[in-house]
Amino acid sequence: MPPAETILNAPSDLQFMARALELAGRGQGRVEPNPMVGCVIAREGHLVAEGWHQSFGGPHAEIEALSQAGCQAAGSTMYVTLEPCCHYGKTPPCTDAIIRAKIKRVVIAQRDPFPLVDGGGLTRLREAGVEVQVGLLEGQARELNSPYLKLIECGRPWVVAKWAITLDGKIATHTGHSQWISGESSRAIVHQIRGRMDAIVVGVETVNRDDPQLTARPPGPRTAARVVLDSEGSTPLSSQLVQSAKETPVIIATSQSAPTSRLQPLRDAGCEVVPLEGASHAQRLKQLLDVLGIRRMTNILVEGGARVLGSLWDMRAIDEVHVFVATKLVGGGGAPSALAGVGCEEVPVASTLQSYQVERCDDDIYIRGRLKNGFTARPRDHG
């Protein structure tokens, strides 16, 4: 049997699914840990209604579109970017609403791997006599919801790495000075990224050197927890992070050997202390990703320093990068680069980007993309 995309290649089908994917993207940063979902209802090539999942706990995309369509939904085709849910969660099953509305045909971009759905929505619709077809623009749908799919399939968040470097590849001078390598426009983009994250991760060396706030200014749709990798619990009580811990969450990820005499003052200041069991820095990083996954954190941003970024790269745990290249040269054999760690031994095995974009950002060059060796959602049987 040919793949679904070769069956569902009518221009109107592609047009309406592309619109549904565009709508789905509007939920970024607002719906996690739920997936981003868009929906379009059409009849005889004409748009009837559209909707998207706008906030976690709010109506799903299908319900938004059905509410807009009203009685025009009967006999129409629904285009939805993810398999409709068939269970009671924070909202009732979308499949039941679709059946009640007498939708004739449902075109779905991808099956939902969430255990309480995972083909059940397809079965429910088909048993009710609804024509169901799956797989149109599936690749685009999977790319859009890769963070959700990774959380479901691996139990870990999508890891976004960000750094700013000079034209000669340095993140700081040989003295450690780094403010500011990138320009104001680049930093504004970083604040936008922060505003859709569940957590922002740095090493304690970055806290000691830069004393960052790690907040989104202006605020975005999400408020990220600030996470400090600090095996000895040495984060300064006078740091901006600790001083603001009672307003914006701060997690101090320590080793089991960190002295209680250091940890209790951090707790008293409002920080959450999370002891990690791993004997090495890399083992503790892996456990931290598991802990954040258990907490249903979907996207995390790692801002440094070089040791943390290098360890994650060695683990092949980075999924996406945002790099700002300043047209500056600082030189210095002792000046640090973005990725420390072990690194690769030969150039042919170096990581490369896929689906990347390059743009001018005032005097900086902004490069963003996904790593080829990052998470890749496994295609699923359409059922």
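View 1. Leaving aside its neighbours within four places in sequence, Gly121 is in contact (heavy atoms within 4.5 Å) with Glu83, Pro84, Cys86 and Thr95. Gly121 belongs to helix H5, helices (H or I, at least four residues) and strands (E, at least two) being DSSP runs numbered from the N terminus. With a relative accessibility of 0%, Gly121 counts as buried, where buried means under 20% relative accessible area, exposed over 50% and partly exposed in between (1.4 Å probe, protein chains only). This is a predicted model, in which local features need pLDDT of at least 70 and side-chain atom pairs count only at pLDDT 80 or more, while totals for chains, interfaces and linings use all residues. Residues are numbered from 1 along each chain as its sequence is written, and side-chain values use heavy atoms, with hydrogens and water left out.

View 2. Five strands form an open sheet in the order E2-E1-E3-E4-E5, with mixed pairing; two strands pair if DSSP finds at least two bridges between them. Strand E2 (46-52) and strand E5 (131-134) are the edge strands, each pairing on one side only, and the twist from one strand to the next averages 15°. Axes are lines fitted to C-alpha atoms, for helices over the stretch in contact, and angles run from 0 to 180 degrees between N-to-C directions. Strand E3 (residues 77-80) pairs with strand E4 (residues 105-108) in the parallel sense over 4 bridges, and Val80 has Ile108 in E4 as its bridge partner. Helix H2 (residues 11-24) packs on the sheet and touches strand E1 (38-43), E2, E3 and E4, its direction making about 150° with that of E1. Helix H5 (residues 120-127) also packs on the sheet, where it touches E4 and E5, and its direction makes about 150° with that of E5.

**View 3. The largest nonpolar core around Met78.** A nonpolar core is a set of buried Ala, Val, Leu, Ile, Met, Phe, Trp, Tyr and Cys residues joined through side-chain atoms within 4.5 Å. The largest one has 57 residues, and those with the most contacts inside it are Ile41, Leu66, Met78, Ile103 and Val106. Helix H3 (residues 61-69) gives the most to this core, with 4 residues.

View 4. The structure holds 0 disulfides, a disulfide being a pair of cysteine sulfur atoms within 2.5 Å. Cys94 is buried at 0% relative accessibility, and its sulfur lies 3.7 Å from the closest cysteine sulfur, in Cys85, too far for a bond.
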